[in-house]
Amino acid sequence: MATKLPEAPRVGMVSLGCPKNLVDSERILTKLRSDGYAMSPDYAGADVVLVNTCGFLDSAKEESLEAIGEAIAENGRVIVTGCMGKEAETIRARFPNVLAVTGAHQYEEVVGAVHEAAPMPPSPFVNLVPDAGLKLTPRHYSYLKISEGCNHRCAFCIIPALRGDLVSRRPDAILREAEKLVEAGTKELLVISQDTSAYGVDIRKEPRMWKGQEVIPHMTDLARELGRIAPWVRLHYVYPYPHVDQVIPLMAEGLVLPYLDIPFQHASPSVLRSMKRPANEAKVLERLRNWRAIAPDLTIRSTFVVGFPGETEADFQYLLDWLDEAQLDRVGAFRFEPVEGAAANDLPGAVPEEVKEERYARIMEKTAAISAAKLQARIGRTLEVIIDEVGEEGGATGRSQADAPEIDGEVFLRDAGHLRQGDIVRVEIEDADEHDLYGVPLA
C-alpha cells in the first residue's frame, strides 16, 4: 500500500502598509515556504492567518485593527506582526484571542509563532532536516545557546569586539528548541552562552507566553522551565552574580543538575582587578559553603589563568591557598597568552614563559589532588550515570551528574553490555583515580 504523505499546513497573509512591510511579508512567506508550509489565497483554506500591520499614522493603525478583526471573524486563528506589534497591549485589549503578537523585522519570532500554532507534521519523505536540526554531537546530549555576546570587558578577552554586547534569545524560542531536541532523543541539555547568569538583562521587561504561562527572561525562570522539559539540564559559563543563589534550590529539587561551571579565572584581588574581573573572593567562599549546604552534591567546575601580566609569586600562592579552601571539583588552567586586540597585552609585568610553565604544573598538581580525594569519597555510593558509549566486550563509558562531556571525567562500567547510548542508569561506584570513576550498573 502506498504511503500517503501528510498535508502541509496552509498560511494566509494580509500585508498592509509601505513597500518595506511588503518586503517583510515576502521574507516571512519565503521562510515559511522553505520550512514546507503551503500558502492559502483565502481565509477559509488557511490553518493560520498572518496580519502584517502598519502603525505609521492613526488611520493606518485603525486599518490594521480592522484587518485583524476581519481575519479573526473569518478564520479565528490569527498572528499579528509588523509595525503595530509594538502596541501589543492595544491589540490584545481589542482582540484577546490573537495567537501571538510580534514586532517589525522579528522574522524568527513570527515564524516560530506559526510553527507553534500550526506545526509541520513529521515526515521522513518531506523533511530534509530533522526537527531538532543537524547536530555534531551524539543524539543523547545537545548544546543549547541562550544568548550571544557579552557585556563584560575583561582585559584578556576580545569576545565583545567579535560578537558585540549581550543579546538574549526569547525564552519561548529557547524552550521551543529545547522541546524539539528532547523529542528527537536528547537526554541532557548543556546550556551555554558567553555569560549565562546575565541572560535576559537586555530583555528583562519582555516576558513571553509558554504553554499558557508567562515566562520571564531570567536565568532562574529559564532554568526552571528547562528542567521540566529535559531529564538533565547542565549550566555552563555562570558568573557568580547574587541571583545565582536562586538557582541552587532548583538543583536541590532535582530540576537542574547540581553542577555549575563558573570561570573564576583567579583569586588574587590584585590580579582580578588587572583582569577587570569581580574581586570579592572571600564572599565567593562563603557563598560556596552556603550552596553546598543546600545542595550537598553540588559540583563546581572552573578555569584559571596563570602567568597573567603582573602576577607575582604571592598572587599565585594566594590562588593555591584559595583553592585549598574552595575545594573545587573540576579545574582547568591556562597559561596566559596575548591575543591581538586584548587590553591585557599593554599591561606591565610580563611573566616569563618558564615561570608560567612552573606555575601551571603546580596548579594542576594541586587541583588533581583535590579531585582525587573527592572522587575517592564517592566509592561505595550509588550515582546516576548517562551512557555515552557501549563497548563490544561488555563495558561502557558514561558520565555522572558531576561530569560534562569532553571537559570533565568519565565513569567506566563493567557488565554493561545490555545498556544503550543515552540510557540514564544507577551505578555503584567501585573505584576511582584522579579524574575518573569505575563502577557497575545496578539491576
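Helix 2 (residues 58-74) lies across strand 1, strand 3 and strand 4 and runs at about 175° to strand 3. Axes are lines fitted to C-alpha atoms, for helices over the stretch in contact, and angles run from 0 to 180 degrees between N-to-C directions. Contact here means heavy atoms within 4.5 Å. Helix 4 (residues 107-117) also packs on the sheet, where it touches strand 1, strand 3, strand 4 and strand 5, and its direction makes about 175° with that of strand 4. Helices (H or I, at least four residues) and strands (E, at least two) are DSSP runs, numbered from the N terminus.

The model is predicted: local features need pLDDT of at least 70, side-chain atom pairs count only at pLDDT 80 or more, and totals for chains, interfaces and linings use all residues. Residues are numbered from 1 along each chain as its sequence is written, and side-chain values use heavy atoms, with hydrogens and water left out.

- Five strands form an open sheet in the order 2-1-3-4-5, with parallel pairing; two strands pair if DSSP finds at least two bridges between them.
- Strand 2 (38-39) and strand 5 (100-101) are the edge strands, each with a single partner, so one side of each has no neighbour in the sheet.
- Strands of a sheet pair through backbone hydrogen bonds, either parallel or antiparallel.

- Strand 1 (residues 10-15) pairs with strand 3 in the parallel sense over five bridges; Gly12 stands opposite Val49, and Ser15 stands opposite Asn52.
- Strand 4 (residues 78-82) likewise pairs with strand 3 in the parallel sense over five bridges, with Gly82 standing opposite Thr53.

**Cysteines**

- The structure holds zero disulfides, a disulfide being a pair of cysteine sulfur atoms within 2.5 Å.
- Cys54 is in no disulfide, and the nearest cysteine sulfur, that of Cys83, is 5.7 Å away; Cys54 is buried, with a relative accessible area of 14%.
- Cys154 is in no disulfide, and the nearest cysteine sulfur, that of Cys157, is 6.1 Å away; Cys154 is buried, with a relative accessible area of 10%.

Conventions
Buried means under 20% relative accessible area, exposed over 50%, partly exposed in between (1.4 Å probe, protein chains only).
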